[in-house]
Amino acid sequence: MLTGLQIAVIGGDARQLEVIRKLAELDARLSLIGFEQLDHVFSGVYKEKINEVNFSEIDAIILPVPGTNQEGEVDTIFSNEEVILTEDILLKTPTHCTIYSGISNSYLDHITKKANRKLVKLFERDDVAIYNSIPTVEGTIMMAIQHTEFTIHGSTVAVLGLGRVGMSVARAFHHLGAKVKVGARKTEHIARIQEMGLQPFHLNDLGNEVKDLDICINTIPHLIVNAAIIQKMPTQTLIIDLASKPGGTDFRYAEKRGIKALLAPSLPGIVAPKSAGQILGNVLVQLLDEDVIKRKESL
């Protein structure tokens, strides 16, 4: 149980609704910021504006998966209110207050460090990333079907990166009958790709590997599918970029060449928000419970 814990949930999409439900069931007191358009509110849950919250009583702050942008603004799907998280707000919280976010950026890293508050990046956890790869894979398959005129079976697919998402995506498209090749840099990743029965290639050779592609799926959050690479692709190639914003694709040049390129960094929240929210909620409950136990032991 999370009785007595006071938590501020700031912004987010439909995934946050599952998080809110889970925390409310465990008797946490929740301040919802950026949710005034939300119809259903559980017992012990209060919709507030950010300037109405008494942050001196807040034990934890839960941000949406993307965290903030570089100006500190938090996405609020259920509100028209502009919500900005600042260092001043964090300084008002108790020293034990922990900030939870899916991912982070230089702004969020900076203000949490300056305020000397702990920042937990949920998507850096293997369990969250692996579970989250399941709806990501389903969404990627959905997009591939929607935006092509050929079957996945028999098509040539390149997956860039063999992280937790890349591995799941490559395996799924292979089982659907695609001819899958996977680009990586590390020798152990090349070996793993070979062991999986897929065709490995070094990312330095990407220019040669895209000449026959039907679908290119990028998971690397750096500009890797650049203009020089896109120039070598067939015009019917579909690019699906799963990396966090702004992705790893030159979308401007892809459009100029007439190649369809889609940025899809938040597929779990689109195709399976309930399941994706349950994944986050379960992990957050575990972390919050551990945090409470540690504080009680230190008293």
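Predicted model: local features only at pLDDT ≥ 70, side-chain atom pairs only at ≥ 80, totals over all residues.
Colleague: Where is Asp27 in the fold?
Modeller: Asp27 is in the loop between H1 and strand E2, the strand covering 29–33. Its phi is near 75 degrees, a positive value in a residue other than glycine.

Colleague: Where do I find Asn116?
Modeller: Look in the loop between helix H3 (106–115) and strand E8 (118–121). Asn116 has 63% relative accessibility, so it counts as exposed.

Colleague: OK, peptide bonds. Which residues does the cis bond join?
Modeller: Lys245 and Pro246, with omega about 5 degrees. Pro246 is in the loop between strand E13 (238–241) and helix H9 (251–257).

Colleague: What does Thr86 touch, sequence neighbours aside?
Modeller: Tyr107 and Ile111, once residues up to four places away are left out.

Colleague: Switching to salt bridges. How many are there in the whole structure?
Modeller: The search finds 11. One of them pairs Lys274 with Glu18, and the closest N and O atoms there are 3.3 Å apart. That pair links distant parts of the chain: Lys274 is in helix H11 (residues 273–298) and Glu18 is in helix H1, 256 residues apart.

Colleague: And Glu18, buried or exposed?
Modeller: Glu18 is buried, because its relative accessible area is 10% and the cut-off for buried is under 20%.

Colleague: What about Arg15, which residue does it bridge to?
Modeller: Asp13, with the closest N and O atoms 2.8 Å apart. Arg15 is buried at a relative accessible area of 3%, whereas Asp13 is partly exposed at 21%.

Colleague: How far apart are the closest N and O atoms of Glu124 and Lys121?
Modeller: They are 4.0 Å apart, and the pair forms a salt bridge. Glu124 is exposed, with a relative accessible area of 57%, while Lys121 is partly exposed at 23%.

Colleague: Which residues are joined into one network by shared partners?
Modeller: Glu18, Arg21, Glu25 and Lys274.

Colleague: Back to helix H1. What is Gln16 in contact with?
Modeller: Leaving aside neighbours within four places in sequence, Gln16 contacts Val9, Gly11, Phe35, Ile62, Leu63 and Pro64. Gln16 lies in H1, residues 14–25, and its 3% relative accessibility means that Gln16 counts as buried.

Colleague: And Glu36, what's that in contact with?
Modeller: Beyond its neighbours within four places in sequence, Glu36 is in contact with Lys47, Phe78, Ser79, Asn80 and Glu81. Glu36 and Ser79 are 43 residues apart along the chain, with their C-alpha atoms separated by 5.8 Å. Glu36 is in the loop between E2 and strand E3 (45–48), and it counts as partly exposed at 37% relative accessibility.

Colleague: Last one: which residues gather in the patch of negative charge?
Modeller: Glu71, Glu73, Asp75 and Glu82, on the surface. Asp75 is in the loop between strand E5 (73–74) and strand E6 (83–84), and at 45% relative accessibility Asp75 counts as partly exposed.

Key:
Residues numbered from 1 in each chain as written. Heavy atoms only, no water. Patch = residues over 30% accessible without salt bridge, like charges linked within 9 Å, V, L, I, M, F, W, Y side chains within 5 Å. Areas by Shrake-Rupley, 256 points an atom, 1.4 Å probe, with all protein chains shown as cover. Salt bridge = Lys/Arg side-chain N within 4 Å of Asp/Glu carboxyl O. Lys, Arg positive; Asp, Glu negative; His and termini not counted. Charge placed at Lys NZ, Arg CZ, Asp CG, Glu CD. Helix = DSSP H or I, 4+ residues; strand = E, 2+ residues; numbered from the N terminus. Buried < 20%, exposed > 50% of the residue type's maximum accessible area, 1.4 Å probe, protein only. Contact = heavy atoms within 4.5 Å.
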